[in-house]
Amino acid sequence: MMKKLKPYLLVVSLQFGSAGMYIISMATLNHGMNRYVLIVYRNATAALVLAPFALVLERKTRPKMTISTFLHIMVLGFLEPVIDQGFTYLGMKYTSASFASAIMNAVPSVTFVIAVIFRVETVKIKEVRSQAKVIGTLVTFAGALLMTLYKGPVIDLLWSHKTSSHHESSSTTITSNQHWIAGTLFILLGSVAWSCFYVLQSITVKKYPANISLSCFICLAGALQGSAVAFTVERCPSAWAVGWDSRLLAPLYTGLISSGITYYVQGLVMKTRGPVFVTAFNPLCMIIVSILGSIILAEKLHLGSIIGGMVIAFGLYSVVWGKSKDYGTNPAVQSNTTVKDEAQELPITKANAVSGAKLVIDKNSIDQPSQMQLKTVQI
């Protein structure tokens, strides 16, 4: 039972960690930290934290680095740390943390489309499970489009009046429709990069099964490439300064939880469940971020975000249901495997059964004939 529940527990834990990332990152961006600097510190922290574990725990199992694996790592470091994080942070400044987490729910559907293109996922349109995944993908895109085009009135929550008066002056949520659409497009661009990262990671982890080392290399590649971008865009030395506030908390939390541990856990789950399963629990993160964002950041929740989020969640669960059928067990296959693996037992006469004996045909090897042994068991 625990073996079956382990993938679900891991991905649910990831959503709680991701929710904290949205809140803490939004808070530090509101306090003026440059997003490119945050990306560099985040991935450098993750690489430094993971490096000792990779050296100690995987020193004997780490495969040799090939040119193909190295190129995969460089692309992974550019897709998620640089493109995804950069555009997602920018989109969050134009919209809100809760809105960004809701739009990111489109990642599973985008991942499914990209996985089909690269033949990581298969689609048999005549099967119900494939139809569910295709319909869920279309519904998810419809929900994301609805959130982009329809903003709707502000929904007042029970605690919104208590926090809005204290944080109204510091709120950076831009209500302009032009900025709202631009922010949405930036977040969608980040989600496409994130989806490509998932698919490529699922391919790379099979060639380089040392999960901790792979996560460390991805973070290191992201930090190096992010540094090149950051030094080009932000040349002011004061932008790199940190203090005993969110400027220090954000890189530590996002680096350790959102990059280091997340990459490692994703690799573990992808080995057995694939990239679509890992991204299928994002609605939980959306709910957590919406609650915490309204309490801590005094973010306003709009009707369009709620309706669009519900539509996206429905599409996601359709994709999850279809994906779960891909990993369903076949009783006939299990039965055949059991017969092949276990020794074949034959009952003995009733007289011998009193002493607890049974006849076992034991196949020691392919070349040697089967030997008949008399074993005594307790009845």
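Figure 1. The model shown here and in every view below is predicted. H13 provides the largest share of the lining, six residues. The pocket holds about 300 Å³ of space.

**Figure 2. The largest cavity is lined by 24 residues.** The structure holds three cavities of 30 Å³ or more. This view shows the largest cavity, with a volume of about 300 Å³. Ser18, Met21, Tyr22, Glu80 and Trp194 lie nearest its centre. H1, helix H3 (67–94), helix H8 (177–207), H10 and H12 each supply at least two lining residues.

**Figure 3. The largest nonpolar core has 67 residues.** Helix H1 (residues 2–30) brings the largest share of this core, 10 residues. The residues with the most contacts inside the core are Tyr22, Tyr89, Met92, Ala97, Phe197, Ile218 and Val289. In soluble globular proteins, nonpolar side chains tend to be buried together.

**Figure 4. Tyr22 and its contacts beyond the local sequence.** Neighbours within four places in sequence are left aside here. Tyr22 then touches Met92, Ala97, Ala100, Ser101, Met104, Cys285 and Val289. Met92, Ala97 and Val289 are, like Tyr22, among the residues with the most contacts inside the largest nonpolar core. Tyr22 is also one of the residues nearest the centre of the largest cavity.

**Figure 5. Tyr41, Phe231 and Trp240 form one aromatic cluster.** The structure has eight aromatic pairs. One of them joins Tyr41 and Trp240 in an edge-to-face arrangement. Their ring centres lie 5.8 Å apart, with 80° between the planes. This pair links distant parts of the chain, 199 residues apart. Tyr41 sits in helix H2 (residues 35–57). Trp240 sits in the loop between helix H9 (211–233) and helix H10 (246–273). Buried means under 20% relative accessible area. Trp240 has 17%, so it counts as buried. Tyr41 has 23%, so it counts as partly exposed.

**Figure 6. Arg129 and Glu127 meet in a salt bridge.** The structure holds one salt bridge, shown here. The N to O distance between the two side chains is 2.8 Å. Side chains of opposite charge can pair when their charged atoms come close. Arg129 is partly exposed, at 26% relative accessibility. Glu127 is partly exposed too, with a relative accessible area of 26%.

**Figure 7. Helix H5 (residues 107–117) is largely enclosed by the rest of the structure.** Eight of its 11 residues are buried, which is why the helix counts as largely enclosed. The buried residues of H5 are Val107, Pro108, Ser109, Val110, Thr111, Phe112, Ile114 and Ala115. Arg119 follows H5. Its phi is positive, near 65°.

Technical notes: Residues numbered from 1 in each chain as written. Predicted model: local features only at pLDDT ≥ 70, side-chain atom pairs only at ≥ 80, totals over all residues. Heavy atoms only, no water. Salt bridge = Lys/Arg side-chain N within 4 Å of Asp/Glu carboxyl O. Buried < 20%, exposed > 50% of the residue type's maximum accessible area, 1.4 Å probe, protein only. Core = buried A, V, L, I, M, F, W, Y, C linked by side-chain atoms within 4.5 Å. Helix = DSSP H or I, 4+ residues; strand = E, 2+ residues; numbered from the N terminus. Contact = heavy atoms within 4.5 Å. Phe/Tyr/Trp six-rings, centres within 6.5 Å; stacked < 30°, edge-to-face > 60°. 1 Å grid on protein atoms, 1.4 Å probe; cavity = no way out; pocket = protein on both sides within 12 Å on 5 of 7 lines; lining within 4 Å. Points joined across faces, edges and corners; volume = space filled by probe spheres on them.
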